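Welcome, and take a moment to look at the model below before reading on. We will begin with one residue and then widen the view.

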Amino acid sequence: MHAREMISTHPHVRGNTNDALIRCIEECYDCAQTCTTCADACLGEGMVAELVQCIRLNMDCADVCTATGAVATRRSGSNEAVIRVMLEACATACRLCAGECEQHAQAHQHCRICAEACRSCEDACRKAMQSMTH
């Protein structure tokens, strides 16, 4: 990804990047892609009816992660209060999605991988929130 490179060149940032927030942006986009793939893989499983909640949480998490990544990327007129709320929502969506995917991880490798991505993104969101508290 080019998040660090792009954000560091922004005139309002002037090279002073928040590494925890940049890692979070990258984790958000990775998690969104992973959740989207997991939802699609769940739809391909024979017992799709047993995976409805997993699919729903995958799709919700992917949407929240994408929106969080986009909001956190914008630096012009940055509204840190909104970014903090988005990071909290993202951490919650990731926690819930990971918990659901973990219930299916023994039977489905895609759920195991997704749970790992969600836990990593949740952690990155929490660290980014901590880095913004001044």
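You will find I55 in helix 3. Leaving aside neighbours within four places in sequence, I55 is in contact with A39, C42, L43 and V48; contact here means heavy atoms within 4.5 Å. I55 and D40 are 15 residues apart in sequence, and their C-alpha atoms are 7.8 Å apart in space.

A word on what you are looking at: this is a predicted model, in which local features need pLDDT of at least 70 and side-chain atom pairs count only at pLDDT 80 or more, while totals for chains, interfaces and linings use all residues. Residues are numbered from 1 along each chain as its sequence is written, and side-chain values use heavy atoms, with hydrogens and water left out.

Now step back to the whole chain. The protein chain has 5 helices and 0 strands, helices (H or I, at least four residues) and strands (E, at least two) being DSSP runs numbered from the N terminus. Read from the N terminus on, the elements run α-α-α-α-α. Of the 134 residues, 42% count as buried. Among contacts with a separation of 6 or more, 71% come from residues 24 or more positions apart.

Let us return to the helix that holds I55. Helix 2 (residues 19–44) packs with helix 3 (residues 52–73) at an angle of about 155°, and their axes are 8 Å apart. Axes are lines fitted to C-alpha atoms, for helices over the stretch in contact, and angles run from 0 to 180 degrees between N-to-C directions. Helix 2 and helix 3 are therefore roughly antiparallel to each other (angles under 35 degrees count as roughly parallel, over 145 as roughly antiparallel, 65 to 115 as roughly perpendicular and the rest as oblique). The contact of helix 2 with helix 3 has 19 nonpolar, 6 polar and no charged residues; Ala, Val, Leu, Ile, Met, Phe, Trp, Tyr, Cys and Pro count as nonpolar, Asp, Glu, Lys and Arg as charged, and the others, Gly among them, as polar.

The loop between helix 2 and helix 3 holds E50. Is E50 buried or exposed? With a relative accessible area of 56%, E50 is exposed. The C-alpha atoms of E50 and H104 are separated by 9.6 Å, although the two residues are 54 residues apart along the chain.

Further along comes another pair: helix 4 (residues 80–104) and helix 5 (residues 109–132) pack at an angle of about 155°, with axes 8 Å apart. Helix 4 and helix 5 are therefore roughly antiparallel to each other. Their contact divides into 17 nonpolar, 2 polar and 8 charged residues.

In the loop between helix 4 and helix 5 sits H108, which counts as buried at 6% relative accessibility. Not counting residues up to four places away in sequence, H108 touches E45, M47 and L51. The side chains of H108 and E45 also make a polar contact (3.2 Å), that is, a pair of N or O atoms within 3.5 Å; within protein, one must be able to donate a hydrogen and the other to accept it, and residues adjacent in sequence count only if both atoms are side-chain atoms.

Finally, look at H110 in helix 5. H110 counts as buried at 18% relative accessibility. With residues up to four places away in sequence not counted, H110 touches C38, A41, C42 and E45.

Note on methods. Buried < 20%, exposed > 50% of the residue type's maximum accessible area, 1.4 Å probe, protein only.
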